[in-house]
Each structure stands twice: as C-alpha cells, then as structure tokens.
Amino acid sequence: MPITVIATLVCQPGQRTAVLPLLDALRQATLQEPGCLQYIPNLDPSAPDCVVMVEAWRDQAALDAHTASTHFQHFREQAAPLLASLDIRLLQPL
C-alpha cells in the first residue's frame, strides 16, 4: 500500500539556508531509490524557518529502506544541530 509522508522541519532561527543544500543532496539521492514515487521540499512563505517535505513511497518496505540508507543517515547527522524540531506524519490513502 502506498504511503505519503509529510515531514515538517523547523530550522533553528537563521539556519534554513544551511539546511537547504543538505535537503537538496538528500533529494537527489532519494529520487534514485526504486520505491520513491515523490520527494518534494516545499517552503512555507508564512514560516521562514520551516521546510515541508512531501514524499510518496511505494510501500512501507521502501520507506524503511530509505530511512536506513546511508544518504538519509548522513542528512540526519548533518541537519540535527540545525533543526529546532522535526514532525513526521505517515498517511495512507482511503
């Protein structure tokens, strides 16, 4: 069953410009994963320190492979000190 992920990253004040290149590298690598259907970073004009990722995955196994990937783990390590919070919501179609 397909899974949609909405990940809201709130950057530490003034750190969004440091997070964006990390997200771009993650996006490029993630789009090469066979189970990735969509991986789109979005800026929130009303919240300058916020980035919302909209992801679509073929199934839970594909998402699990993504979170275990070297490029995802690298992103988490590099981005952790730059983020104030991270909220991840997993959605399934009706």
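Where is the place of His74? His74 sits in helix H3. The close-ups below take up this residue and others in turn.

This is a predicted model: local features need pLDDT of at least 70 and side-chain atom pairs count only at pLDDT 80 or more, while totals for chains, interfaces and linings use all residues. Residues are numbered from 1 along each chain as its sequence is written, and side-chain values use heavy atoms, with hydrogens and water left out.

View 1. Helices (H or I, at least four residues) and strands (E, at least two) are DSSP runs, numbered from the N terminus. His74 has 45% relative accessibility, so it counts as partly exposed. The cut-offs are under 20% relative accessible area for buried, over 50% for exposed, and partly exposed in between (1.4 Å probe, protein chains only). His74 and Leu26 are 48 residues apart in sequence. Their C-alpha atoms lie 8.7 Å apart in space.

**View 2. The two sides of H3.** Phe72, Phe75 and Ala79 are buried in H3. They cover an arc of only 60° around the axis, which puts them on the same side of H3. The arc is that of the directions from the helix axis to the C-beta atoms. Thr70 and Glu77 are exposed on the other side of H3. The buried residues of H3 pack against S1, H1, H2 and S4. Contact here means heavy atoms within 4.5 Å.

**View 3. Helix H1 from end to end.** H1 has 15 residues. From first C-alpha to last, H1 reaches 20 Å, close to the 21 Å expected at 1.5 Å a residue. The expected span is 1.5 Å times one less than the number of residues. Val19, Leu23, Leu26 and Thr30 are the buried residues of H1. They fall within an arc of 60° seen down the axis of H1, so they line one face of the helix. An α-helix has 3.6 residues a turn, so residues three or four places apart point the same way. Thr17 and Pro21 are exposed on the face of H1 turned away from its buried side. The buried residues of H1 pack against S1, strand S2 (36-43), S3, H2, H3 and S4.

**View 4. Asp24 on helix H1.** Asp24 belongs to helix H1. Its relative accessible area is 33%, so Asp24 is partly exposed. Asp24 and Pro41 are 17 residues apart along the chain. Their C-alpha atoms are separated by 8.4 Å.

**View 5. Helix H2 and its buried face.** Ala62, Leu63 and His66 are the buried residues of H2. Seen down the axis of H2, they fall within an arc of 100°, so they line one face of the helix. The face turned away carries the exposed residues Ala61 and Ala68. Cover for the buried residues of H2 includes S1, H1, S2, S3, H3 and S4.

**View 6. Arg58 in a loop.** Arg58 is found between S3 and H2. With a relative accessible area of 42%, Arg58 is partly exposed. Leaving out residues up to four places away in sequence, Arg58 touches Met1, Pro2, Pro34, Gly35 and Leu37. Arg58 and Val10 are 48 residues apart along the chain, and 26 Å separates their C-alpha atoms.

**View 7. The largest pocket.** The largest pocket holds about 340 Å³ of space. Of its 22 lining residues, the closest to its centre are Ala7, Phe72, Arg76, Leu86 and Ile88. Strand S1 (3-11), helix H1 (16-30), strand S3 (50-57), helix H2 (60-68), helix H3 (70-79) and strand S4 (83-91) each give two or more residues to the lining. H2 gives the largest share, 5 residues. By class, the lining has 16 nonpolar, 3 polar and 3 charged residues. Ala, Val, Leu, Ile, Met, Phe, Trp, Tyr, Cys and Pro count as nonpolar, Asp, Glu, Lys and Arg as charged, and the others, Gly among them, as polar. On a 1 Å grid over the protein atoms alone, a pocket is an open set of points where a 1.4 Å probe fits, with protein on both sides within 12 Å along at least five of seven lines; lining residues have an atom within 4 Å of a point. Grid points are joined across faces, edges and corners, and the volume is the space filled by probe spheres set on the points.
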